[in-house]
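This report describes one protein model, from its overall dimensions to selected local features. Please keep the sequence and the structure in view while reading.

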Amino acid sequence: MIYENIDVTIENGICTVKLNRPEVRNALGLEMREELKDFFTSVKQNDEVKVIVLTGEGKAFSAGGDLSALKEVDAVSGRKRLQAGHEMIHSIVNLEKPVIAAINGVAAGAGVSLAVACDMVIASRSAAFIQSFAKVGLIPDLGAIHFLPKLIGRHRALELMFLGEKVSAEQAQNIGMINRVVEDERLMDEVHALALQLVEGPDMALGFMKKLVNRSVLADLDETLELEGFAQAMCFESKDFKEGVQAFFEKRKPVFNQ
């Protein structure tokens, strides 16, 4: 299938998938979510692909949700949008092949959710992570509320979510949010070398490792995503969300609790 929002290349058993909307910092629009879901669902049948590397084109990994598309969203349309994102996350988690996120720049909002849903996360030294949802009156979505506490603990996760402060790649590694930090110019070389190690590994055993670890750690993912959908739908209807989006585009600090 030919995709418009992602680029897919295969070489030596490694499939590199690039989020390819650099003009909007690879924002996860509905079309990109659908294409990623389609790719991760279909690649499980491709025996040529042993490992997937997910990265971004340009200077950002992903800015997260496309706020320009959310200006007119309501509870019903917002929940449907989230469900498309949930299917994308499920397609990554359920794939019995290793998925490595190569974070080439800023990962914000749902971009963080996408990164931590992958099996390993390698970041360039200049990369950064921002849980930016609270700044626009929303809750973290696409599974971040599920993944982050399991990775870094409840207190740290809530701090990142409440405050929406930028976390450097080094800080993210120190708190257990990501696996490794490498120099910017070495990112894809280092990730490629890691991917080659996995390509040379036992396919079936690696697939079972992922499946069993996920069953142990992520057993309640479906329940969390379902509750997330209802909670975010309510936030979409709030005055705080409308104020947050307006403030974002006006480049000012939002005034919540109106």
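**Basis of the values**

The model is predicted, so to speak, throughout: local features need pLDDT of at least 70, side-chain atom pairs count only at pLDDT 80 or more, and totals for chains, interfaces and linings use all residues. Residues are numbered from 1 along each chain as its sequence is written, and side-chain values use heavy atoms, with hydrogens and water left out.

**The whole protein**

The protein contains ten helices and ten strands; these are DSSP runs, numbered from the N terminus, with at least four residues (H or I) for a helix and at least two (E) for a strand. Because its radius of gyration of 18 Å is close to the 18 Å that the globule rule gives for 258 residues, the protein is as compact as a globular protein of that length. This radius is taken over C-alpha atoms, and the rule is 2.2 Å times the number of residues to the power 0.38. Further values are tabulated here.

| Property of the protein | Value |
|---|---|
| Span of the C-alpha trace along its principal axes | about 55 × 35 × 35 Å |
| Accessible surface (Shrake-Rupley method, 1.4 Å probe) | about 12,700 Å² |
| Share of that surface belonging to carbon and sulfur atoms | 53% |

Among contacts (heavy atoms within 4.5 Å) between residues at least 6 apart in sequence, 73% join residues at least 24 apart.

Glu11 lies opposite Ile14 in S2. Two residues separate the strands of this hairpin, and Asn12 adopts a positive phi near 55 degrees.

**Helix H10**

Which residues of H10 (residues 239-249) are buried? They are Phe241, Glu243, Gly244, Val245 and Ala247. Helix H9 (221-236) is among the elements that cover the buried residues of H10. Just after H10, Lys251 has a positive phi of about 55 degrees.

**Ser124 in strand S7**

Ser124 belongs to strand S7 (residues 120-124). Is this residue, Ser124, buried or exposed? Ser124 counts as buried because its relative accessibility is 2%. Apart from neighbours within four places in sequence, the contacts of Ser124 include Ile103, Asn104 and Gly105, as well as Ala169, Val181, Val182, Asp184 and Leu187.

Methods
Pairing = 2+ DSSP bridges. Buried < 20%, exposed > 50% of the residue type's maximum accessible area, 1.4 Å probe, protein only.
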